[in-house]
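Look at the sequence and the model below before reading on.

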Amino acid sequence: MGETILEVKGLQTHFFTDDGEIPAVNKVDFHVDKGEVLGIVGESGSGKSVTSLSVMGLVPKPPGKIVGGEINFKDENLVNASEKRMRQIRGNEIAMIFQEPMTSLNPVFTIGNQLIEAIRLHNKWDKKKAKARAVEILKLVGLPRAEELIDEYPHQLSGGMRQRVMIAMAMACDPEVLIADEPTTALDVTIQAQILELMKDLNKNRGTAIMLITHDLGVVAEMCQRVAVMYSGNIVEEGTVKQIFKEPKHPYTVGLIKSVPDMTSKRERLYSIPGSVQKPGSIKVGCPFAPRCEHAFDRCVSETPALLEAGDEGQKVSCWLHHD
Amino acid sequence: MFSYTIRRILMLIPVLIGMTLIVFSLIRAIPGNPAQVILGQQASKEAVASLTKELGLDNPWYVQYFDYIKGILTGDLGTSLRTSSAISGEIWNYLAATIELSFVAMVIAVVIGVNAGIISAWFQNSWFDYLAMFIALVGVSMPIFWLGLMEQWGFSIELGWLPSTGREDVRNPIEAITNLYLIDTLIQGRFDQFVTAFKHLILPSIALGTIPMAIIARMTRSSMLEVMKSDYIRTARAKGQSMFLVVYKHSLKNAIIPVLTVIGLQSGLLLGGAILTETIFGWPGIGTYIYDAIGFRDYPVIQSGILVVATIFVFINLIVDLLYAAFDPRIKYN
Ligand SMILES: Nc1ncnc2c1ncn2[C@@H]1O[C@H](COP(=O)(O)OP(=O)(O)OP(=O)(O)O)[C@@H](O)[C@H]1O
Ligand code: SF4
Ligand SMILES: [Mg+2]
């Protein structure tokens, strides 16, 4: 195990809406080690984006608010950091890319303008030096015609190219952690593979730790060393990729693994977990997965399981089947 | 940008031709003999015949239209029936007064309206937001003449701070060069007169600018709120950009695009509002000019006045379109 760079402990991010308080992130624990790729998987609405926005200090407020827990980045708890301090960290030490490459770049500024802005926010360079760096980083992320691209607008680029620009922008200041929130979901398969390859290279060559959010287990197998599985605002299982794929312990993880289309088997229909995600907070006591769990028993609805180590080498699970 | 500008200007030609056709038919749409109508029922046959000839109404309509266009192109806007002088010679004096008034009103409306809208959106649901939007709501529903009269009553009669009518102090008249008094007084280095001219502008321009200001503020606010929710704003913040630049750089350049439409539209409507404002404040502008001409059935003046105002309206729209393209890179390519 490497040295931890980002540690999230008991994080609670709630939304205060007209329908009441929604615990979108409910006591979440995980950590990212230096230079590793951590996958966070889970169905839509499980709180993956809210978790990453919490780390960035970008949860829309109101209605959202971090109501508890710690986000320890190096020696600092970001939950208590000032906005001024957060601005120094964002884009410089922790950078983020988003799911929607088509809308994540500002349509009325050139690629160069937006890239140079990112560079100059954290380096006291003159325009010329920043521009040279912008061209360099565009080349690094594999974009052709970097010199011309600088003067083009986002609408002149394809989705894949825009996501490369987003990655270039995120990597511009050499961050220690890159949060990638479903960076390939909106792209078609071949482009997806290229973008993942690019991120893998950046991770290898620059040692950038990546927190990769996805609901594609294939991507996890391809990219990550460790995985955290999220369900309804909670982490329900965490372990190495091998542990999660070979010996999933939580019934939800088991279901997820089963639902991956398997080329070798002749199964006609994909397995999918019956039912759908509960709205976060709808279950006050007990295991949030209980309504969909085929193994549920009495204790599951009367007591809430915690994320605890189970079995071998650091695999953690939150399920009464595996705890006393 | 250059070819786009040229294209947009060429597109104006049919609009301008259509406009002249409408203005041209205006006088001819009067039932019966326009000359008779203009002169009244008591007029002698000879007088009617001579006016008919003077107005060229005895020719076939296409000859009349051709003459009319020829006149416009050579800068001949006809002769005022009331003053018997060339309209082209006197219209600028009035027009300049209106342009000065409208320009100042629009500057007030845009500067205050846009900024109030931005701050309201930035601090949504704050006391500033509530207050600004309350004022804007009152502002849009405020009749110009009522606001104008209240201003005159409060600031001129009660407080005596500002003049209530006219453009200048009659005891210390301004020497006209361009007839834009703010400019003329500066050219002549007459700062005392500049201040006087400016003081005369304050009340009428506020009366004229309030409605557009309120509309612009509301439009800017809703446009900003929309933009500030977008993904690229989140990206800008994720870079570590300050809220001020996120708002004034990243959001505003996007949010201003729909506001430009409103600004253009309001600038056009301002010319309508100017007629009312000018009447209340005794402002010798084009509104007063046309208004007086209507009273005297001075059709050539009405015709030319409307033509000039409509032309300005068309060019304001051209400027708005060009600004669009300047702000939104996507426009030039589609
Ligand atoms: N602005 C908001 N206002 C109110 N509730 C919100 C808001 N944003 C998120 N939530 C709540 O947080 C929950 C988790 O949302 P989140 O976007 O983190 O899910 P996700 O795991 O990223 O899903 P997806 O895979 O679809 O991106 C949602 O179910 C929703 O109830
Ligand atoms: S705790 Fe109970 S309900 Fe929850 S996953 Fe385990 S067995 Fe199923
Ligand atoms: Mg998400």
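UniProt positions are given here in the numbering used for this structure, and such annotations may be inferred rather than shown by experiment. With that in mind, the unreviewed UniProt entry for chain A carries the annotation "domain: ABC transporter" over residues 6-257. The model itself is predicted.

Chain B is built in another way. It has 14 helices and zero strands, and its elements, read from the N terminus, are α elements from beginning to end. Along the principal axes, the C-alpha atoms of chain B fill a box of roughly 80 × 55 × 40 Å. The unreviewed UniProt entry gives "domain: ABC transmembrane type-1" for residues 95-324 of chain B. That span is 80% helix and 0% strand, with its end C-alpha atoms 27 Å apart.

The UniProt record also lists "transmembrane region" for several stretches of chain B, including residues 201-220 and 255-281. In the model, residues 201-220 of chain B are 100% helix and 0% strand, and the end C-alpha atoms are 26 Å apart. Residues 255-281 of chain B are 96% helix and 0% strand, with 35 Å between the end C-alpha atoms.

Now turn to the ligand. Which residues come nearest to ligand 1? There are 15 residues around ligand 1, and the nearest are Ser44(A), Gly45(A), Lys48(A), Ser49(A) and Val50(A). Both β1 (4-17) and α1 of chain A supply at least two residues of this shell. The largest share, three residues, comes from α1(A). By class, the shell holds four nonpolar, eight polar and three charged residues.

Some individual distances show how the chain meets the ligand. Gly45(A) has a backbone N or O atom 2.8 Å from an oxygen atom of ligand 1. A polar backbone atom of Ser46(A) is 3.2 Å from an oxygen atom of ligand 1. In Glu182(A) the side chain takes part instead, with an N or O atom 2.9 Å from an oxygen atom of ligand 1. Ligand 1 has 640 Å² of accessible area on its own, and the protein covers 70% of that area.

The next topic is empty space. Rolling a probe the size of a water molecule over the atoms shows where such space is left. The largest pocket holds about 1,300 Å³. Its lining has 36 residues, and those closest to the centre are Val59(A), Pro60(A), Lys61(A), Pro62(A) and Arg237(B). Two or more lining residues come from each of α1 (48-56), β4 (64-73) and α2 (83-89) of chain A, and from each of α5 (87-122), α9 (191-228) and α10 (231-238) of chain B. The lining of the largest pocket is made up of 22 nonpolar, six polar and eight charged residues.

Two of the residues closest to the centre of that pocket, Lys61(A) and Pro62(A), are joined by a cis peptide bond with omega near -10°. Another cis bond, with omega about 10°, joins Pro62(A) and Pro63(A). Where in the chain does Pro62(A) lie? Pro62(A) is in the loop between α1 and β4 of chain A, and Pro63(A) is found in the loop between α1 and β4 as well. A loop of chain B has its own backbone feature: Ser84(B), between α4 (61-73) and α5, has a positive phi near 60° although it is not a glycine.

The model also has two cavities of 30 Å³ or more. The largest cavity has a volume of about 100 Å³. Residues of both chains line it, among them Met166(A), Cys173(A), Thr235(B) and Lys239(B). Elements that each give two or more residues to this lining are β6 (94-97), α3 (111-122) and α6 (159-171) of chain A, together with α10 of chain B. The largest share, three residues, comes from α6(A). The lining of the largest cavity divides into eight nonpolar, three polar and one charged.

The second largest cavity has a volume of about 80 Å³. Of its 14 lining residues, Cys287(A), Cys293(A), Cys300(A), Cys319(A) and Trp320(A) lie nearest the centre. This lining has 12 nonpolar residues, two polar and no charged.

Definitions and conventions: Residues numbered from 1 in each chain as written. Chains lettered and ligands numbered in written order. Heavy atoms only, no water. 1 Å grid on protein atoms, 1.4 Å probe; cavity = no way out; pocket = protein on both sides within 12 Å on 5 of 7 lines; lining within 4 Å. Points joined across faces, edges and corners; volume = space filled by probe spheres on them. Helix = DSSP H or I, 4+ residues; strand = E, 2+ residues; numbered from the N terminus. Nonpolar A, V, L, I, M, F, W, Y, C, P; charged D, E, K, R; others polar. Near = heavy atom within 4 Å. Polar contact = N/O pair within 3.5 Å; in protein donor to acceptor, adjacent residues only side chain to side chain. Areas by Shrake-Rupley, 256 points an atom, 1.4 Å probe, with all protein chains shown as cover.
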